[in-house]
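Here is a brief report for a reader meeting this structure for the first time. It covers strand pairing, a salt bridge and a charged patch.

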Amino acid sequence: MSNPQQLRYSKEHEWLSAAEDGVSTVGITEHAANALGDVVFVQLPEVGDTVSAGETCGELESTKSVSDLYSPVSGEVTEVNEDVVNDPSLVNSAPFEGGWLFKVRVTDEPGDLLSADEYTAFSAG
């Protein structure tokens, strides 16, 4: 399993892209997608919602369980991935590409996000 080097990661297994015009993309890692099993339903925050770093902002339901979705940063949701809402299996098949979950205009970023190497070590451990 390879975690893209350009992303940063939370200990709740979400990833965060570098901001473009102040907006970052959020998804869950391949490690989390594999642990969940086949994702069959996603509940994402709404466009315009305010999310807070480390707080729940949605749910992912798989054939095994229901897991909370946490926001790795604070900010305002600017877009949700309707493709994932319509086809939740994208979370499993392409967690770092088409399976992204939402975009957020970042207002605050915690200092505890991990690099790809740090996350790889954390998730292995």
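## Strands, a salt bridge and a patch

V77 has V104 in β9 as its bridge partner. The model shown is predicted. β8 and β9 run antiparallel, paired over 6 bridges. β9 also pairs with β3, again in the antiparallel sense, over 4 bridges. There, S24 stands opposite V104. Strand β3 spans residues 23–28, and strand β9 spans residues 102–108.

Now to the charges. Side chains of opposite charge can pair when their charged atoms come close. How many salt bridges does a search of the whole structure find? The search gives 1. R8 and E109 form a salt bridge, with 2.1 Å between the closest N and O atoms. This pair links distant parts of the chain, 101 residues apart. R8 lies in strand β1 (residues 8–9), while E109 sits in the loop between β9 and α4 (116–124).

A patch of negative charge gathers on the surface. Its residues are E46, D49, E76, E79, E82, D83 and D87. Two elements give two or more residues to this patch: β8 (74–80) and α2 (82–86). E46 is found in the loop between β4 (39–43) and β5 (50–51).

| Residue | Relative accessibility | Class |
|---|---|---|
| E46 | 55% | exposed |
| R8 | 26% | partly exposed |
| E109 | 34% | partly exposed |

E46 counts as exposed because its relative accessibility is 55%, and the cut-off for exposed is over 50%.

Note on methods: Residues numbered from 1 in each chain as written. Predicted model: local features only at pLDDT ≥ 70, side-chain atom pairs only at ≥ 80, totals over all residues. Heavy atoms only, no water. Patch = residues over 30% accessible without salt bridge, like charges linked within 9 Å, V, L, I, M, F, W, Y side chains within 5 Å. Areas by Shrake-Rupley, 256 points an atom, 1.4 Å probe, with all protein chains shown as cover. Salt bridge = Lys/Arg side-chain N within 4 Å of Asp/Glu carboxyl O. Lys, Arg positive; Asp, Glu negative; His and termini not counted. Charge placed at Lys NZ, Arg CZ, Asp CG, Glu CD. Buried < 20%, exposed > 50% of the residue type's maximum accessible area, 1.4 Å probe, protein only. Pairing = 2+ DSSP bridges.
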